[in-house]
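Please keep the sequence and the model in view while going through the points.

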2 protein chains.
Amino acid sequence: MKTKIAIGIDVGGTNTVFGFVDQEGNCIFESSIPTHAGQNALQLFERLFLNINHDFSKFSGTYELVGIGIGAPNANYYKGTVELPPNLNWGVVNVLEIVKKYSALPAAITNDANAAAIGEMIFGAAVGMKDFIVITLGTGLGSGIVVNSQLVYGADGFAGEIGHTIVDPEGRACGCGRKGCLETYASASGIRRTVYMMMGSTNIPSELRNISFNQLTSKDIADAAIRGDQLALDAFDYTAKILGLKLADAVAHLSPEAIILFGGLALAGDLIFAPTKRYMEEYMLNIFKNKVELLPSALPGAHAAVLGASALIWNELKRK
Amino acid sequence: MKTKIAIGIDVGGTNTVFGFVDQEGNCIFESSIPTHAGQNALQLFERLFLNINHDFSKFSGTYELVGIGIGAPNANYYKGTVELPPNLNWGVVNVLEIVKKYSALPAAITNDANAAAIGEMIFGAAVGMKDFIVITLGTGLGSGIVVNSQLVYGADGFAGEIGHTIVDPEGRACGCGRKGCLETYASASGIRRTVYMMMGSTNIPSELRNISFNQLTSKDIADAAIRGDQLALDAFDYTAKILGLKLADAVAHLSPEAIILFGGLALAGDLIFAPTKRYMEEYMLNIFKNKVELLPSALPGAHAAVLGASALIWNELKRK
């Protein structure tokens with residue numbers, strides 16, 4: 001009997017990654033193609049399935065494909081659509097209808113943070129948990145919320161936008177058009193903004209003062225902090241204070257067993273985990289104190305996106 | 001065949017209300033006894049069941065009791081306990097164990113805001129909805145969150161504390177020991193605090209300046225606002241702005257179909273609903289704008305607490 005595997009697809013602004021993942025979370029194969037943000041969705045999936053069919057031919061003797069899971073920006077699980085993704089020229093498009101042209105396999109789509117949450121539940125740090133939150137700290141701040149072992153999609157399929165809760169209604173300009181959203185402070189871009197605000201507001205010497213805004217990465221800030229750069233350390237503390245405050249708010253809503261941090265800024269490890277945990281506990285209602293774990297992702301970094309996307313469809317198949 | 005009815009019990013700091021409610025939400029009978037906050041839980045339930053058994057004897061020819069639903073402060077649905085209720089001398093006590101001494105009927109317990117949420121789902125404004133939030137605006141601010149037609153209890157049974165999300169970490173002192181919790185602004189007590197802050201910070205003339213802090217009620221503020229009192233109107237606007245901001249945050253987490261306002265301050269009607277809705281929309285992420293209804297409770301005020309408590313057990317019985 002052939003081993004069952006699912007296709008995981010992660011659509012990014014630059015590259016679209018795909019791979020084959022078995023029921024235990026082993027990634028058998030992974031590859032990627034350029035997304036070409038100017039092309040429409042139909043053109044991407046046509047190229048994608050040419051590659052998938054070609055690459056799968058090497059495995060078809062031992063493996064059987066059972067489903068397709070897709071992570072994509074602004075994806076709507078209920079409708080199968082992607083709606084006005086910020087970095088792609090797609091407009092509003094029904095991706096699951098497009099996929100049907102190329103494959104009869106069961107398919108599901110959700111946004112990348114929700115895919116990460118299901119990935120942690122099926123293969124990662126949240127195995128065995130019924131209530132948890134995944135926070136992705138990348139260019140923005142995404143979130144996937146699980147309650148009673150189910151992803152929270154809400155009435156319209158767009159729940160889980162903790163990155164757009166408001167820290168300060170008169171705060172930093174956000175890409176969404178409003179001011180003071182959490183992701184303008186707590187994300188790889190947010191900490192970079194904090195560093196530049198601090199360069200202006202303080203006289204603290206810092207090696208980061210030699211790097212331009214456009215060149216600076218969150219890894220540069222982490223590296224400087226590890227070398228003891230005070231401004232970089234202050235920027236991590238400032239970021240953690242705001243993140244800890246808003247995570248305490250999320251706990252007051254949902255009382256999760258754990259909050260899992262995922263993505264670029266989470267790779268800074270204790271620099272971000274230790275102060276975030278300290279501030280989260282400080283701002284937390286008494287009944288929740290010392291109950292909620294703050295954990296790093298347990299999805300292997302190299303394949304995290306494809307594992308998350310494949311977990312979406314494995315989870316659907318399990319529920320049937 | 002006898003008609004099935006459930007017992008609804010709402011434990012308050014002053015009085016404990018109980019009643020008999022049929023499957024359609026008709027309250028056949030309602031009465032109350034003093035809670036005697038200094039007594040322990042066993043003493044209350046002994047008196048309560050003496051009354052329930054006596055009062056039910058008049059109905060036993062036509063009705064059959066099928067279950068007991070209880071709303072109580074700091075109640076834990078999972079454990080059946082009430083834990084350190086602020087206004088009762090109970091400590092930590094397993095209420096469902098006590099109930100077993102007096103009745104073999106299936107029983108369930110939750111806090112009053114969660115009972116209100118289930119009440120709205122089964123008998124009130126949320127019939128047919130799968131995702132909604134109930135906010136109770138009384139002395140404090142309580143909340144009950146429903147996702148996928150299930151009350152959100154979280155990992156420990158205490159989820160739904162939106163009243164203790166933080167508006168300003170340096171803000172008003174809260175009964176929970178922290179500062180700036182939403183309920184210190186948006187509740188019957190919160191708007192009273194706002195009125196007194198405004199009396200100090202402005203010179204706006206107001207009829208409320210003749211009333212002492214301890215005497216002023218949220219109804220006095222609403223009555224003054226209806227008569228055009230500017231300070232009272234400003235206090236409603238200030239309250240609504242903060243409530244609208246934090247409801248927009250709740251929407252970003254959960255994307256509910258509706259938010260239902262319940263309790264004393266909600267009785268101010270358009271004075272609180274109109275500006276709260278306006279600010280909530282202003283602070284909301286684009287994808288959620290004009291999707292979330294802000295509704296008044298549809299549980300008949302006189303019996304709301306007993307209907308909510310009985311709905312808890314009707315909901316349990318339906319799921320079996």
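**Note on the two-chain model**

1. In this predicted model, 34 residues of chain A are in contact with 34 residues of chain B; two residues are in contact if their C-beta atoms, placed from the backbone, lie within 7 Å. On the side of chain A that touches chain B, the elements giving two or more residues are strand E10 (141-147) and helix H6 (230-254) of chain A. H6(A) gives the most, with 7 residues. Helices (H or I, at least four residues) and strands (E, at least two) are DSSP runs, numbered from the N terminus.

2. By class, that side of chain A has 19 nonpolar, 9 polar and 6 charged residues. Here Ala, Val, Leu, Ile, Met, Phe, Trp, Tyr, Cys and Pro count as nonpolar, Asp, Glu, Lys and Arg as charged, and the others, Gly among them, as polar.

3. Residues are numbered from 1 along each chain as its sequence is written, while chains are lettered from A and ligands numbered from 1 in the order in which they are written. As the model is predicted, local features need pLDDT of at least 70 and side-chain atom pairs count only at pLDDT 80 or more, whereas totals for chains, interfaces and linings use all residues.

4. Chain A contains 8 helices and 13 strands. Its radius of gyration is 20 Å, close to the 20 Å that the globule rule gives for 320 residues, so chain A is as compact as a globular protein of that length. The radius is taken over C-alpha atoms, and the rule is 2.2 Å times the number of residues to the power 0.38. Of the 320 residues of chain A, 52% count as buried. A residue is buried if 20 or more other C-beta atoms lie within 10 Å of its own, exposed if 12 or fewer, and partly exposed in between, with C-beta atoms placed from the backbone.

5. An open sheet of 5 strands in chain A has the order E11-E10-E9-E12-E13, with mixed pairing. Two strands pair if DSSP finds at least two bridges between them. The edge strands, E11 (150-151) and E13 (293-296) of chain A, each pair on one side only. Within the sheet, E9 (residues 132-137) and E12 (residues 258-262) of chain A are parallel over 5 bridges, and A:Phe132 has A:Ala258 in E12(A) as its bridge partner.

6. In chain B, strands E2 (residues 15-22) and E3 (residues 27-34) pair in the antiparallel sense over 7 bridges. B:Asn15 stands opposite B:Pro34 in E3(B). These strands form a hairpin with 4 residues between them, and B:Gly25 in the turn has a positive phi of about 85 degrees.

7. Is B:Arg227 buried or exposed? B:Arg227 is exposed, with 10 other C-beta atoms within 10 Å, and lies in the loop between helix H5 (218-226) and helix H6 (230-254) of chain B.
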